Amino acid sequence: MTDTVERLARAALAILVAEGAQAVTMRRVAAEAGVTAMATYRHFAGREALLRSVVDGAVAEETAGWGELGAGLPFGRRVEALAEAFLDFALGRPNLYRYLVTERRDDALRFPDDFRTGGSPAFAPVFAAVEQAIRDGVLRDDDPLEVTLAITTPVVGLLQFHLGGRMDMPENDFRALCTRTTRRVLNGLVA
C-alpha cells in the first residue's frame, strides 16, 4: 500500500468512525489526507470502493483471532466470549457497526449464502461453534445456519435498540442484558 493510499484509508476510516458513512466524501477524505480530490480517484474508483476497502481492512483487523476465541471452552461460554467481542466492536465503533449491519449497500453480505460460506467474520466463528456443538450432541440436530441466526440475532436486535437510544441503561447493564439474553436462547436449545 502506498503512502497516499494509507493516508486516504486512515482519513476515510477516521471520518467513518467519528461521524458515520454519510460524512465520508471523496473531497473530504482528500482534504483530510492532504491530497487533491483527483488523487483520490487515482487510487479508488469512487466513494463506495474507498469505503469497501477501508471497512474490509478495519473489520479484518478487528476480527482477527475471533475464530479461535473461546476455543476449548464449553459451548455456551464460547458463544458468550464471541458475543463479548462482538459487543466490544459494536459499542466501540458504533458508526462502523451501523455501516456494516444496518445501512443498505449493494456489496452487503446477504443471508443465507454469504453467511453459510463464512463471509461474515463475526458470524462465522459462532457458526463453526454451533456446527461443532451439533456434532458433539451439545445442541439438538438442526440446521446450524438457522441455529446460529437464532443465537446471534437477539444481540443484534438489542444493539439496534441500544444504539438507537431506546434502552435507558449504562453500558455494563446493557452488556449483562445481552449475556442473559444469550443464555436464555441457549437454554432453549441445549439438548
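1. Valine 5 lies in helix α1; helices here are DSSP runs of H or I of at least four residues, strands are runs of E of at least two, and both are numbered from the N terminus. Its relative accessibility is 15%, so valine 5 counts as buried (buried means under 20% relative accessible area, exposed over 50%, partly exposed in between, with a 1.4 Å probe and protein chains only). Leaving aside neighbours within four places in sequence, valine 5 contacts His43 and Phe44, where contact means heavy atoms within 4.5 Å. Valine 5 and threonine 40 are separated by 35 residues in sequence, and their C-alpha atoms are 8.1 Å apart.

2. On the basis of the model: it is predicted, local features need pLDDT of at least 70, side-chain atom pairs count only at pLDDT 80 or more, and totals for chains, interfaces and linings use all residues. Residues are numbered from 1 along each chain as its sequence is written, and side-chain values use heavy atoms, with hydrogens and water left out.

3. The overall make-up is 10 helices and zero strands. Taken along the principal axes, the box filled by the C-alpha atoms is roughly 60 × 35 × 25 Å. Of the 191 residues, 41% count as buried. Among contacts between residues at least 6 apart in sequence, 60% join residues at least 24 apart.

4. The largest nonpolar core has 53 residues; such a core is a set of buried Ala, Val, Leu, Ile, Met, Phe, Trp, Tyr and Cys residues joined through side-chain atoms within 4.5 Å. The members that touch the most other members are Leu16, Val29, Phe75, Val130, Leu159 and Phe174. At least two core residues come from each of α1 (3–19), α2 (26–33), α4 (47–63), α5 (75–92), α6 (94–101), α8, α9 and α10 (171–189). Helix α5 gives the most, with nine residues. As for valine 29, its contacts include Leu8, Ala11, Ala12, Ile15, Val24 and Leu50, leaving aside neighbours within four places in sequence.

5. Helices α5 and α6 have axes that come within 5 Å and cross at roughly 105° (axes are lines fitted to C-alpha atoms, for helices over the stretch in contact, and angles run from 0 to 180 degrees between N-to-C directions). The two helices are therefore roughly perpendicular; angles of 65 to 115 degrees count as such, those under 35 as roughly parallel, those over 145 as roughly antiparallel, and the rest as oblique. Phe86, Phe89, Ala90, Leu91 and Gly92 of α5 meet Pro94, Leu96, Tyr97 and Leu100 of α6. By class, this contact has eight nonpolar residues, one polar and no charged (Ala, Val, Leu, Ile, Met, Phe, Trp, Tyr, Cys and Pro count as nonpolar, Asp, Glu, Lys and Arg as charged, and the others, Gly among them, as polar).

6. Helices α6 and α9 cross at roughly 125°, their axes coming within 12 Å, and are therefore oblique to each other. The crossing is left-handed, that is, the near helix is turned anticlockwise from the far one by less than a right angle, with clockwise giving right-handed. Pro94, Tyr97, Arg98 and Val101 in α6 meet Val156, Leu159, Gln160 and Leu163 in α9. Six of these residues are nonpolar, one is polar and one is charged.

7. Helix α8 (residues 123–135) packs on helix α9 (residues 144–163) at an angle of about 120°, with the axes 9 Å apart; α8 and α9 are therefore oblique. This crossing is right-handed. On the α8 side the contact is made by Phe123, Val126, Phe127, Val130, Glu131 and Ile134, and on the α9 side by Pro144, Leu145, Val147, Thr148, Leu149, Ile151 and Thr152. The contact holds 10 nonpolar residues, two polar and one charged.

8. Histidine 162 belongs to helix α9 and, at 17% relative accessibility, counts as buried. Not counting residues up to four places away in sequence, histidine 162 touches Leu91, Met167, Met169 and Phe174.

9. Two loop positions complete the note. Proline 112, in the loop between α6 and α7 (113–116), is joined to phenylalanine 111 by a cis peptide bond with omega about 10°. Glycine 137, in the loop between α8 and α9, is partly exposed at a relative accessible area of 45%.
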